[in-house]
2 protein chains.
Amino acid sequence: MSGFDTELLKIGQKAKFAARKLAYIGTAAKNEALLEMAEALILHEGEILKANSVDIKAAEAKGIKKSLINRLSLTSEGIRQMSESLREVAFLPDPVGEGDFWTRPNGLRMQRMRVPLGVVAMIYEARPNVTVDAAALCLKSGNAVILRGGSEAIESNKVLARIIAEAAERKGIPEGSIQLIEQTTHEWVQQLIKMNQFIDVVIPRGGAGLIQTVVRNATVPVIETGTGICHAYVEKEADFDKAIPIVINGKTQKPGVCNALETLLVDRKIAQEFLPLMGAELQKHHVEIRGCAETCAILPYAVPATEEDWGTEYLDLIISVKVVKDLDEAMDHIYQYSTRHSETIITENYTTAQRFLIEVDAAAVYVNASTRFTDGGRFGFGAEIGISTQKLHARGPMGLKELTTIKYLIYGDGQIVK
Amino acid sequence: MSGFDTELLKIGQKAKFAARKLAYIGTAAKNEALLEMAEALILHEGEILKANSVDIKAAEAKGIKKSLINRLSLTSEGIRQMSESLREVAFLPDPVGEGDFWTRPNGLRMQRMRVPLGVVAMIYEARPNVTVDAAALCLKSGNAVILRGGSEAIESNKVLARIIAEAAERKGIPEGSIQLIEQTTHEWVQQLIKMNQFIDVVIPRGGAGLIQTVVRNATVPVIETGTGICHAYVEKEADFDKAIPIVINGKTQKPGVCNALETLLVDRKIAQEFLPLMGAELQKHHVEIRGCAETCAILPYAVPATEEDWGTEYLDLIISVKVVKDLDEAMDHIYQYSTRHSETIITENYTTAQRFLIEVDAAAVYVNASTRFTDGGRFGFGAEIGISTQKLHARGPMGLKELTTIKYLIYGDGQIVK
């Protein structure tokens with residue numbers, strides 16, 4: 001057995017051992033640990049910023065692009081926000097131990113109770129705040145977590161994970177509840193996602209490449225998150241005063257995230273009138289337009305789109321634009337290219353809106369609103385560990401409840417099956 | 001592309017196409033189809049029995065063991081029961097379209113609605129009634145189903161699937177909603193469980209071999225069902241008048257099912273007194289005892305157990321018996337060998353019972369009752385498509401709700417993210 005196998009097995013065993021205890025540690029103890037973790041981040045600000053600057057210098061030396069370096073960078077304000085988000089998790093209700101209860105005709109009393117999943121492995125990319133958020137949500141829901149961040153943020157992640165794990169242990173959380181894998185080579189991930197004996201679920205969070213690698217190779221159950229090829233369909237009865245801000249918001253407010261807009265579909269009946277207005281606004285926001293033939297005929301500055309464009313998550317100031325015949329063609333296009341994350345229609349027609357809501361298959365389907373709302377916080381869930389684009393277990397923003405499963409506790413007095 | 005690839009792709013495409021329509025067919029239409037299916041089974045009784053007798057003759061010729069042939073056999077009464085179970089599904093509440101609703105401070109109105117998963121692939125073994133039950137539950141929950149039964153029941157399954165699919169289509173259910181794969185070679189399963197483009201979930205139902213093959217090789221999400229190494233722990237404060245019937249019931253009432261008992265753990269403090277009574281009763285029921293050294297010393301007729309016995313699901317009139325020091329040793333044994341299906345303790349001690357309920361990690365944990373109760377019907381869920389032994393999506397008996405996912409429908413009037 002090679003060195004990394006042994007090391008990983010040790011991490012897995014420690015996590016599993018911690019999880020068995022964590023499963024029935026009370027909410028008050030978990031909350032105290034979260035508050036201690038929040039305080040520890042503030043106390044160790046200098047150390048965190050120093051580690052982060054090492055990561056940033058390394059990234060700059062490697063010539064990594066500006067938007068990625070921005071995701072990587074921590075500031076005093078950023079650390080204060082991470083600390084604040086730990087406090088918020090402490091004040092969220094604990095799903096563990098919740099449930100319902102009924103009695104069977106034979107007198108068996110049945111309790112259906114929420115319990116932790118066990119051991120969660122999080123595999124993620126640049127942003128170091130995921131280290132803190134994921135650890136907090138897993139701890140609050142009674143799960144041990146194995147964190148595996150990207151190589152770009154490794155120094156920041158090491159310091160953050162150590163600070164919060166030590167703070168949690170000071171408050172009685174079992175050792176091994178929060179662990180970071182410090183090696184960033186690819187082999188470790190391949191091994192990790194096959195450790196069914198220790199890990200109950202893998203959550204990949206990052207770009208499409210990372211997510212597909214995990215989905216294709218894992219034998220541990222995976223919750224697929226985040227790839228978003230989101231569409232806005234501006235229907236022939238759209239109110240342009242709603243449509244233009246919704247498209248601009250979806251595309252430009254934060255282009256690097258999964259709920260950002262990637263494709264605009266426009267009804268042929270309004271294309272001549274709408275596209276020049278929309279195009280001018282997109283240009284003002286420095287958005288490159290990749291259009292179908294009809295779009296390019298109306299907007300001379302649009303670049304012709306290729307087949308590949310319809311299936312691309314740009315995560316950048318680029319939008320693909322296609323003119324469609326009607327609602328059915330729009331829904332067929334979405335059916336073919338959507339990653340089932342978030343889709344929006346802009347229309348004033350009641351029946352069209354209802355058909356879109358019911359017939360489009362996605363985690364979140366909007367009428368007259370920006371796809372950027374698909375987020376645990378903005379949905380009112382308090383916190384999120386990712387946005388699921390699969391249908392099993394969780395769909396859409398995942399909060400604490402999605403990090404739990406159920407168990408039946410059954411109270412008998414000698415019942416047997418007749 | 002080989003012949004079977006093309007054929008399977010066609011089945012997948014048809015199912016996906018049907019699912020897109022089925023997703024928003026109303027409950028009344030689905031119920032009418034279920035009642036038509038129920039009637040059709042009765043009308044075609046002769047044809048079904050004829051096909052079944054072909055399967056049984058083939059099985060007898062192959063020398064397949066009696067218990068398997070029993071599972072395969074249909075009778076007039078069996079057909080009447082299948083028909084009745086279709087009627088029962090028609091009268092169950094439809095989970096599709098249920099949900100909750102809230103409003104965000106910015107005025108966005110949020111609906112969380114249950115929707116079908118899409119296309120369900122069921123891979124199962126001998127019992128032909130699974131063909132009918134699975135089709136009924138998938139139809140009621142708005143899913144298209146691809147059925148793949150075992151070779152032993154192929155003639156029965158072909159006739160059953162054709163009769164119910166035709167009945168459903170007569171009532172307006174889209175063609176392709178209920179399909180049976182008529183080829184029973186292994187390659188077809190291997191291909192089926194990798195058709196992510198068409199299939200949303202695979203549910204294997206059968207022996208441990210089948211289930212592990214599917215779990216290890218599928219790229220489509222799997223709901224793992226049914227392997228049950230279930231334990232009864234007779235604790236030192238057990239009431240023997242409860243313990244003996246619970247063990248006999250768990251082991252002998254229906255030994256071939258996943259919630260049957262496989263291992264008995266006995267507290268050392270009562271072993272000398274309890275085991276002779278228990279052993280005599282097990283012998284009366286023709287149960288072979290495979291015991292640890294202490295058990296064999298007390299029961300001279302017990303066969304020495306090997307390490308392999310503790311990890312074996314016998315599904316037969318065999319029980320492994322181990323003497324343990326205390327609750328902790330019992331729970332450690334269960335932790336190591338349990339498939340997390342159903343576990344029971346027999347005790348009169350309150351604190352011991354509570355610790356067992358909370359600390360044992362399984363879908364169903366019992367005090368003073370038989371593990372044989374772990375079943376959708378006996379839990380009060382009306383019907384079940386299998387018993388999940390995994391933690392994601394569903395745990396324990398799975399009914400209609402577990403065949404659905406959720407979707408957010410969001411009503412805006414121009415909201416954008418600030």
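Start by selecting A:Lys171 and A:Glu32, whose side chains meet in a salt bridge at 3.9 Å, N to O. (A salt bridge here is a side-chain nitrogen of Lys or Arg within 4 Å of a carboxyl oxygen of Asp or Glu.) The pair links distant parts of the chain, 139 residues apart: A:Lys171 is in the loop between helix 7 and strand 5 of chain A, and A:Glu32 is in helix 2 (residues 27–43) of chain A. Helices (H or I, at least four residues) and strands (E, at least two) are DSSP runs, numbered from the N terminus. A:Lys171 is partly exposed at a relative accessible area of 35%, and A:Glu32 is partly exposed as well, at 44%. On this scale, buried means under 20% relative accessible area, exposed over 50%, and partly exposed in between (1.4 Å probe, protein chains only).

Before you click on, keep in mind that this is a predicted model: local features need pLDDT of at least 70, side-chain atom pairs count only at pLDDT 80 or more, and totals for chains, interfaces and linings use all residues. Residues are numbered from 1 along each chain as its sequence is written, chains are lettered from A and ligands numbered from 1 in the order in which they are written, and side-chain values use heavy atoms, with hydrogens and water left out.

**Stop 1: strand 4 of chain A**

Select residues 144–148 of chain A. Five of the five residues of this strand 4 are buried, so the strand is largely enclosed by the rest of the structure. In a regular strand the side chains alternate between the two faces of the sheet. Here A:Ala144, A:Ile146 and A:Arg148 point one way, while A:Val145 and A:Leu147 point the other way.

Strand 3 (residues 119–124) of chain A runs parallel to strand 4 of chain A, joined to it by five bridges; two strands pair if DSSP finds at least two bridges between them. Look for A:Val120, which stands opposite A:Val145. To get from strand 3 to strand 4 of chain A, the chain goes through helix 6 (residues 129–140) of chain A in a right-handed β-α-β crossover. Right-handed means that, with the strands pointing away from the viewer, the path from the first strand over the helix to the second runs clockwise.

Strand 5 (residues 178–180) of chain A is also parallel to strand 4 of chain A, with three bridges between them. A:Val145 turns up again here, standing opposite A:Ile178. The crossover from strand 4 to strand 5 of chain A passes through helix 7 (residues 154–170) of chain A and is right-handed.

**Stop 2: A:Glu235**

Jump to the loop between strand 7 (230–234) and helix 10 (240–252) of chain A, where you'll find A:Glu235. Is A:Glu235 buried or exposed? It counts as buried, at 2% relative accessibility. Its side chain makes a polar contact of 2.6 Å with the side chain of A:Thr347. (A polar contact is a pair of N or O atoms within 3.5 Å; within protein, one must be able to donate a hydrogen and the other to accept it, and residues adjacent in sequence count only if both atoms are side-chain atoms.) Leaving aside residues up to four places away in sequence, A:Glu235 touches several residues, among them A:Asp267, A:Ile270 and A:Thr352; contact means heavy atoms within 4.5 Å.

**Stop 3: where chain B meets chain A**

Show both chains. 69 residues of chain B are in contact with 69 residues of chain A. The area buried between chain B and chain A is about 6100 Å², and carbon and sulfur atoms give 58% of it. (Buried area is the accessible area, 1.4 Å probe, that two parts lose on being put together, summed over both.) Highlight B:Arg20, B:Leu392 and B:Val417, which supply 12% of the area that chain B buries against chain A, more than any other three residues.

Four salt bridges are counted between chain B and chain A. For one across the two chains, select B:Lys391 and A:Asp200, at 3.7 Å, N to O. Strand 16 (residues 404–415) of chain B gives the largest share of the side of chain B that touches chain A, eleven residues.

Select B:Asp361 and B:Arg340, whose side chains meet in a salt bridge at 3.6 Å, N to O. Salt bridges that share partners join A:Lys16, A:Asp200, B:Arg340, B:Asp361, B:Lys391 and B:Arg395 into one network. B:Arg340 is buried, with a relative accessible area of 17%.

Finally, colour the open sheet of ten strands in the order 10(A)-9(A)-11(A)-8(A)-7(A)-12(A)-13(A)-16(B)-2(B)-1(B), with mixed pairing. Its edge strands are strand 10 (303–304) of chain A and strand 1 (99–103) of chain B, each pairing on one side only.
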